[in-house]
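Got a minute to talk through what the labels on this model rest on? Take a look first, then we'll go one by one.

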Amino acid sequence: MSQVVVENKLSKIINSIIYHINYTIGKRMNKASREDISRALSLTVKDMVQDRLKSSQEVYKENDSKKIYYISIEFLVGASLENNLFNLHIYDECEEALSRLGFNLQDIIDVDVEPALGTGGLGRLAACFLDSMATLGIPGFGYGINYEFGSLKQEIKNGYQTEKPDDWNRDIYPFFIERPDNKIEVPVYGHVEVLKDIDEGYRYRWENQRFVTGIPYDLPIVGYGGKTVNYLRLYTARASNKLDFEKFYYGNFAQATKDKTFSENISKIIYPSDSNTKGRELRLLQEYFLVACSLKDIIDQYKKDHNTFEDFSSKVAIQINDTHPALAIAELMRILTDEIGMSWERAWETTTNTFSYTNHTLLPEALEKWSVSLLEKVVPLHMEIIYKINANFLKKVEAKWPGDFEKLRSMSLIEENETKNLRMTNLSIVGSHSVNGVAAVHSELVKTNLVPNFYELWPEKFNNKTNGITQRRWLLKSNSELSHLITSKIGDSWITNLYKLKELENYCEDNNFQSNFLEIKYKNKQKLAQTIYNLTEISVDPDSIFDIQVKRIHEYKRQLLNAMNIIHTYLRIIEDGDILENPRTFIFAGKSAPGYFAAKQIIKLINNLSKIINSDKRVKNSLKVVFIPNYRVKLAEIIFPAADVSEQISTAGKEASGTGNMKFALNGALTVGTLDGANIEIMEEVGEENIYIFGKKVKEIKKMQTEGSYNPKEYYNKNENIKRIMDSFNSDIFCNGEPGIFKWIFESIMDYGDVYFHLADIQSYIDTQKKIEKDFCNRSDWAKKAILNTARSGKFSSDRTISEYAKDIWNVKSVIN
């Protein structure tokens, strides 16, 4: 590129930033804050992106491309500015432009807003998938809700998690493109009238509905290289009539604003509490609002380019991400039969050919069910449709297994207990042509444990699509020095083909490469150490082993098992006089659901361990414990590159896949984990000698559960290590000043069966941790293992996952030649 071209490009960027400061934000440059500059630069980038977004839509239209619509209750997209600079290949130009204006680009990136649109792995996976679809040139679009408070802001007070709403200023988010002309009117409540139809039997009419308006906001999704720009369309709920003016004028203020408040609550917060009637109703309203807006918009777009619906499923694919959007199946049936006028049989064929469903959980308590009475109140017409879907489906079950009432009972969409419930998993399976799990072992357990009868009925529906992550965010962006080192050796093709990292195997024993690799890891650990100090005022040693567990706090993820080993290690030092072969720093981060007692108590335990161990002079700084508050994508981008050890220690058979395990491995951390979720496939890829596996296997856990042969008291009585750990919970050693607060841990494990098999796995875990401690001493051998983890992470790109979805499920093709 000539100097003249470069200067012209820089001039356009600088002029655009100045323009937005002056006329969009309304300030002079000399009064602009870092936040102002960040917004102005983001608006500048959005201006560049919009032309590419339009061009991508034109290409899809010219090719009459089949489109994939990915509906998810959450999208944890992370901050967009830096990601877009990398993907558009304009990072260096923007850095120079800001320098000429007297600003540092990294300072501006640091204040970039992170949209609060999700809480965890489900939303982060969805965001990675959108990135991959755009990079691969696949016509793929996301649909979600534009939450005002889509995440909780976690604060730690006296060791306890407290929550505040995470107000991310969605109304002025610079990358949003508001689409008021595409607003959707969503009907809810009312009642159903039965109409007689000569050809179809009974038809229904939905009367006296209440309406909510969905206002769409598009977030552009830029593929790497900027060739393709798709979008994530998010809906904000608004009242159809913002204000009853007459009531307000005559003083009835509360009644006048009631509709406005009711509607806006739908997109106010993510996952309203389902512990009370109002919370459950609001959550159901959210889910229907999401699918009603999405389906109406999908239908409207289809109509622009097609005159009939005969080819709908050959031009439209809809993926439902877990069961939250499952009502989309009934909604499409409503549209096709009531609005388009299709016969029921043709509409059902179209619907099942259009939808595919991804299961994300094996936990029975996490499988969504909705009260039929609540559904009849909120979406009465949809329940009539679901009743008919169920009746037709049960005829198939009866034909397959005549007289088998247990099959009919368990497979029915309606659970017939004291209260009738709609099983959203069953609806998702029946209404889709594809059902996939998200790791090989998970997909097998879906077939054999979760829904074996459905698998027996429709084996062809079931398949596996192991999750993946986008290397653009989780290596190129978040670990830039390692990215540069890799590119200097093998070129940059790995950015769009992660399997190319395998070429790094040639350098795994190269002394210079090992030295450079470890030096970068040390710098990343220094950066994390500074972040930890800034957030917690705890000093940690970058020379120690950074052993990290970051994920949602849940009993099955077993942060408690990690804490047990920390207790064991601490007692080794202060009671047994052991000296660790390497100093250890155990780092935790993650949020608990606000009403989850056990998870919040585990956070309290970790923080108490931190306070007591870090201040104990007998430890001599050989052991530190840290809980980093308010875990989010920006923090994750600092944490993953700095890890030496990745904790993936869920009870075997409980974790669907996990993607944190992939991010850690990609950045050269060694996994300590059970044979659960994607850990198994990571082991297969990186080699058994480059991962630390411990604990009971899925079959062993299932056998103990089936036979009732697991007795935690036996482990307690036979193993002194276990006894000492468990007795610490019964004592006040870790809760001085709050006596007895951890006795519940002892009781839940000893008296209530240890549901997550902590005591069955703890000794194996302790032994494995001691091996890690010893192995870390051999720096060359550790470097080799770490490099091979990075080199063999190619399978775990979301590009691979999306390519498999596109080929095997969606039958969607790339528009990039």
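**What the labels rest on**

Q: What covers the buried residues of α18?
A: The cover includes β16 (434–437), α19 (452–457), β17 (462–464), α27 (679–686) and α28 (698–707). Helices are DSSP runs of H or I with at least four residues, strands are E runs of at least two, and both are numbered from the N terminus. This is a predicted model, where local features need pLDDT of at least 70, side-chain atom pairs count only at pLDDT 80 or more, and totals for chains, interfaces and linings use all residues. Residues are numbered from 1 along each chain as its sequence is written, and side-chain values use heavy atoms, with hydrogens and water left out.

Q: Which residues of α18 are buried?
A: In α18 (residues 440–450) they are V441, H442, S443, L445, V446, K447 and L450.

Q: Why is Q648 called buried?
A: Buried means under 20% relative accessible area (exposed is over 50%, partly exposed is in between, with a 1.4 Å probe and protein chains only). Q648 has a relative accessible area of 5%, so it counts as buried. Its place is in strand β21 (residues 645–648).

Q: What does Q648 touch, leaving out residues up to four places away in sequence?
A: K551, G660, N661, F664, T671, V672, G673, T674 and N679. Touching here is contact, meaning heavy atoms within 4.5 Å.

Q: What makes the link between the side chains of Q648 and S646 a polar contact?
A: The term takes a pair of N or O atoms within 3.5 Å; within protein, one must be able to donate a hydrogen and the other to accept it, and residues adjacent in sequence count only if both atoms are side-chain atoms. The Q648–S646 contact is 2.8 Å.

Q: Are D322 and N630 buried or exposed?
A: Buried: D322 has 12% relative accessibility and N630 has 11%.

Q: How many helices and strands does the chain have, and why is it called as compact as a globular protein of its length?
A: There are 34 helices and 23 strands.
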